[in-house]
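Take a look at the charged pairs in this protein, then at a stretch of its surface. The sequence and model come first.

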Amino acid sequence: MSETAPTATTVDRAHPQHEADVIVVGAGPAGSTVAHYLAQAGVDVLLLEKTAFPREKVCGDGLTPRAVRQLIAMGISLDDASAAPGGSGRWLRNRGLRIIGGGVRLELPWPELSEYPDFGLVRTRMDFDQILAERAVKSGARLLERTNVTGPVVDPRSNRIVGVHAKDADGERVTFRAPLVVAADGNSSRLSVAMGIRKRDDRPMGVAVRTYFTSPRHEDDYLESWLELWDSSSGRDVLLPGYGWVFGVGDGTSNVGLGILNSTSVFQDVDYRRLLRRWTASMPEEWGFTEDNQRGQIRGAALPMGFNRTPHYARGLLLVGDSGGMVNPFNGEGIAYAMEAGQVAADVIAQAVARPTPQARERALLAYPRILRDTYGGYYTLGRYFVKMIGNAHFMKYATKYGLPQPLLMRFTLKLLANLTEPSRGDAMDRVINGLSRMAPAA
């Protein structure tokens, strides 16, 4: 049997410890979702995570209804008792998005749709990722923590990936083999780079920084976005493309941070941590966003957007989540799209391993990038146009001044930015957004 193509599997098939039908690198939301659905389909899957749970991850911790839908589909309990050790132990529900800017304060409830729930959630990544990984294990995936993948194993005859090299928890070198590998190893995705799949310069990139404060606002039932971020480090006030956020976590703290896009000329010169400190210092004193109330350091992370690394399948390697640049350019949301793409990847792989010939299996696998392109390509193209527009300070000022006071326009904007529409039926707003996404080129 060739090691260069995926093979059919059964649940009771015996595998050596370091072999599997599929290896998933990274146990974040993308990787754990892939592993969960693969295991449910009877595929022997090995999930490799370089750290140990619980572990911190830079994120706003806010989940829109798109992400909530994925949690429900995976069978994740939204009961507060579903805590993992070391986490906040609470799902804090929110009703919508509060937008502040241009002297306007507007509360926009999540839309009522048949496809998505009408509530969002907040939960820290300290145990959120662990909950998903444990769900994958319960479904049958094999999880190895503190296993740092160092590079691919490539068959010289076929030039396909057939496994990975790694260092285990004891620092020993070990090789894992599988005819298919999923890269869910984040923005840097060393595995993708080693396979020659590099980032695209024609796609937007963002930076997010955040910290936590003990605050009386910790049980806010709205996600809060501030649309005016001013930077004066260049000697003049510059309106930056992006937004600040205040998300109550429900454990006595608020997640406070900001995200900036690279569509402005001063992007490389902004001191993001200093900007966050200045921004929080301007907040009302009673909110408690002070140095004495800060819990943990200010930490930052890159936001890879709009499919900034392609192809999403090549030579036995599938990219899922941040490794494939799947963050929504409109709002910086990554978890929902990582989980959605993970479900798609798992379904494609399950179909592929059941095919009788290498050629048939490869045809099935090539459907993965096509499905992603058909599902998100046009919408992400619109998002790239949006990023360019808000990189223009004059447009931002105009939009903030004249757009925010218009409730109907802002409800449309919420649906567009959060990608929350009825796919086939819906109101006029849904039809406009869906029509624009279909017409935009899926490049």
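What follows walks through salt bridges and then a nonpolar patch. The model is predicted.

Start with the overall count. Across the whole structure, 23 salt bridges are found.

Arginine 55 and glutamate 49 join their side chains in a salt bridge, at 3.6 Å from N to O. Both residues are buried. Next comes glutamate 56. Its partner is arginine 210, and the closest N and O atoms of this salt bridge are 3.0 Å apart. Glutamate 56 sits in the loop between β2 (45-48) and β3 (62-63), while arginine 210 belongs to strand β13 (residues 205-214), so the pair ties together parts that are 154 residues apart in sequence. The two ends differ in cover. Glutamate 56 is partly exposed, at 37% relative accessible area. Arginine 210 is buried, at 1%.

Now move to aspartate 155. Its side chain meets that of arginine 157 in a salt bridge of 3.0 Å, N to O. Aspartate 155 is buried, because its relative accessible area is 2%, under the 20% cut-off. Arginine 157 is exposed, because its value is 67%, over the 50% cut-off.

Salt bridges also link up into a network. Its members are Arg98, Arg105, Glu107, Arg217, Asp220 and Glu224.

Val432, Leu436 and Met439 make a nonpolar patch of about 290 Å². Valine 432 lies in helix α11, which covers residues 428-439. Valine 432 is partly exposed, with a relative accessible area of 41%.

Note on methods
Residues numbered from 1 in each chain as written. Predicted model: local features only at pLDDT ≥ 70, side-chain atom pairs only at ≥ 80, totals over all residues. Heavy atoms only, no water. Patch = residues over 30% accessible without salt bridge, like charges linked within 9 Å, V, L, I, M, F, W, Y side chains within 5 Å. Areas by Shrake-Rupley, 256 points an atom, 1.4 Å probe, with all protein chains shown as cover. Salt bridge = Lys/Arg side-chain N within 4 Å of Asp/Glu carboxyl O. Helix = DSSP H or I, 4+ residues; strand = E, 2+ residues; numbered from the N terminus. Buried < 20%, exposed > 50% of the residue type's maximum accessible area, 1.4 Å probe, protein only.
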